[in-house]
Amino acid sequence: MHFKTKLKLSTNPTFNTWHQRIGGKSIMSGVSGVVEQMRGELRQALREAVEGAVSAGRLPPVELPDFTVEVPREREHGDFATNLAMLLPKQARMAPRRIADVLVEHLTHPVRWLQRVEVAGPGFINFHLDPRWALAAVPMAVKLRADYGRVQVGGGKKVQVEFVSANPTGLLHMGNARGAALGDSIAAILDYAGWKVTREFYINDAGNQIENFALSLEARYFQLLGREAEVPEGGYHGQDIVDTVRRFIDRHGDGLLAAEPAARREALVQFALAEKIGAIRKALEDFGVHYDVWFSEQSLHDGGKVDEALRRLRERGFLYERDGALWFKATAFGVEKDEVVVRKNGVPTYFAADIAYHMNKFERGFDWVINVWGADHHGHVPRMKGAMAALGYDPDALHVVIMQLVRLLRGGEVVRMSKRTGRFITLEELVEEVGRDAARYFFVMRSADSHLDFDLDLARSQSNENPVYYVQYAHARICSIFRQLKEQGRQVPAVEEVNLELLREEAELALARRLADFPEEVSLAARQLAPHRIARYVHEVAGLLHSFYNVHRVITDDVELSNARLLLVDATRVVLRNCLGILGVHAPERM
RNA sequence: GUGCCUGUAGCUCAAUUGGAUAGAGCAUCUGACUACGGAUCAGAAGGCUGGGGGUUCGAGUCCCUCCAGGCACACCA
């Protein structure tokens, strides 16, 4: 096997290239919203315009460039705009605006709702539609309910999202909490985007730290039973360890005092790990995060998978011995330096186990493997990808989302945290203090790249300063309208009986238009692995709902109009709920 | 020193991955219906996108170079 020497592995590929490689289809295929339908129609019309212009001799023969049909930022630029004409000047040897004029002349393909086409700016072609064009999204959302927004870009392929994977020797901290919120929402988005998703937690229940853990437990065990002992220098000093050992003694007594050291430690570790993992699982469940698989590192050692991974690397010529240790030739993959996989003392490193773990992931048939790691592990990415390449897997099938660290603010001041002294805010405490909804929303409303400032006071405040309530309030408000309807003895209209054309107000149309974007927002969020897009989108939808609500009444004596508006707010409720579900935030019926 | 992330309104952050006049929230100021829930809405003000070069029809986005902050550079994980 031969590899390019300059192969660069430090960065992830864009989803575009990756998707094309495994799916072979265009990124937007399978998107089923009304926006995408309209976009498709316009693309078709443009393709035909080029053909028409060429065969009419108005344009020289050209190869159709990879043009975009985008929603312009400026409202005056129409509902859609294309850059097609600006990509052709070199081929056509004509000025972009002239090309645009010619294309507009040859736009013969009939497009529903199309009212006006204009050439603007450096050569954009702008399409202006009847403002009611997006209303079709309303019945779609109402009918599909929880399935509205689902798209098929994943094509049912298998993706694994591994996140948190904290050491089972302690409690979860703020960094883990961000990873949990991010990872779970990424998984939810991919699920919506048509992937078959597995959420997985990797338990580091082997290696040095477990040794250390055992010694710490043993020391506490001795102390609690009146013997002299000291927790080792780099050991676990937290009070939670003491409590764990106390519970062990309550349950099992002091019988281990006389046992063999190895057996004693093993018993203590097994007890403590079970308890710790249980606590971690509980904390995550309370945070709304559920895993499909809890994967034990120790099982890799026990099952010979680490040896197997090393054997495969050796066979392929990527292992060598130096200074009594075994090294992986990471430099063959553009990494700065080689990496030890088996220490001088014969014990494999964490890296060796991690290689075996990722090998196992691909053996399990995942088409795409995503890891969510803290920025403090980013240096691990290139060599991990290198190892996958060395094993013969496509390194681009492994995608590591690096999230920046969390800084905690309280009272406008940075809260210093130290793991060493055991003084840090745990996930449980966070949920208790600010609530699950606010916590999760705050973690996903910023991109993973941002160095997050988590303002505890803001997250806790139940006021208009807190964005999570803004969104939830919109949902509760809609629910309130339907309660009101019921109290008046009126019926929720059947979708088929509603005349949506009655929705003509700007606030109504703007809301419906944005609801129509949802499937595409999911698609984009999936492509970018970016939950914050959904957070911003849902906030905007909530804002449009509030604006509408403040100007127009839903329930009036005009039954026809009321029904149309009821359908509109119901569709809004569907979108709000689906988005909040993706973010792991409750959609309350009252607040 | 090297690599990665970041630098955008007073503050916290976006920006359809190269598109047209850079947008939200909070804070500030001015207003709104005795309400299907005011945890709401309408409006105003706020910018040399850290600095400087370059690439092109077009740059917050790509390249080069400085400056500042975070993280990482173990036979730890």
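Which residues of helix 18 are buried, and what covers the buried residues of helix 18?

Reply: The model is a predicted one, in which local features need pLDDT of at least 70 and side-chain atom pairs count only at pLDDT 80 or more, while totals for chains, interfaces and linings use all residues. Residues are numbered from 1 along each chain as its sequence is written, and chains are lettered from A and ligands numbered from 1 in the order in which they are written.

The setting is chain A, which has 21 helices and 15 strands; these are DSSP runs numbered from the N terminus, helices being H or I with at least four residues and strands E with at least two. Along the principal axes, its C-alpha atoms fill a box of roughly 90 × 70 × 40 Å. The chain holds 591 residues, of which 42% count as buried. A residue is buried if 20 or more other C-beta atoms lie within 10 Å of its own, exposed if 12 or fewer, and partly exposed in between, with C-beta atoms placed from the backbone. The assignment of domains, which comes from an automatic or database source, includes domain 5 at 465–583 and domain 3 at 208–286. The centres of domain 3 and domain 5, taken over C-alpha atoms, are separated by 53 Å.

Helix 18 spans residues 506–515, and its buried residues are E508, L511, A512, R513, R514 and L515. Among the elements that cover them are helix 5 (137–144), helix 19 (518–528), helix 20 and helix 21.

The contacts of L515 show part of this cover in detail. Once neighbours within four places in sequence are left aside, L515 is in contact with A137, V138, A141, V541, A571, T572 and V575; contact means that the two C-beta atoms, placed from the backbone, lie within 7 Å.

L515 also has a place in the largest nonpolar core, a set of 156 residues in which L103, A137, V138, I189 and L515 touch the most other members. Such a core consists of buried Ala, Val, Leu, Ile, Met, Phe, Trp, Tyr and Cys residues joined through C-beta atoms within 7 Å. Helix 21, residues 559–583, gives this core the most, with 13 residues. A separate second core has 16 residues, among them I210, Y221, V245 and F248.

Helix 17 has the largest share, 9 residues.

Beyond the end of helix 5, R145 lies in the loop between helix 5 and strand 5 (158–162). R145 is partly exposed because 13 C-beta neighbours lie inside 10 Å. Its phi is positive, at about 50 degrees, although R145 is not a glycine. Most residues other than glycine have a negative phi.

In short, helix 18 has six named buried residues, from E508 to L515, and L515 is one of the residues that touch the most other members of the largest nonpolar core.
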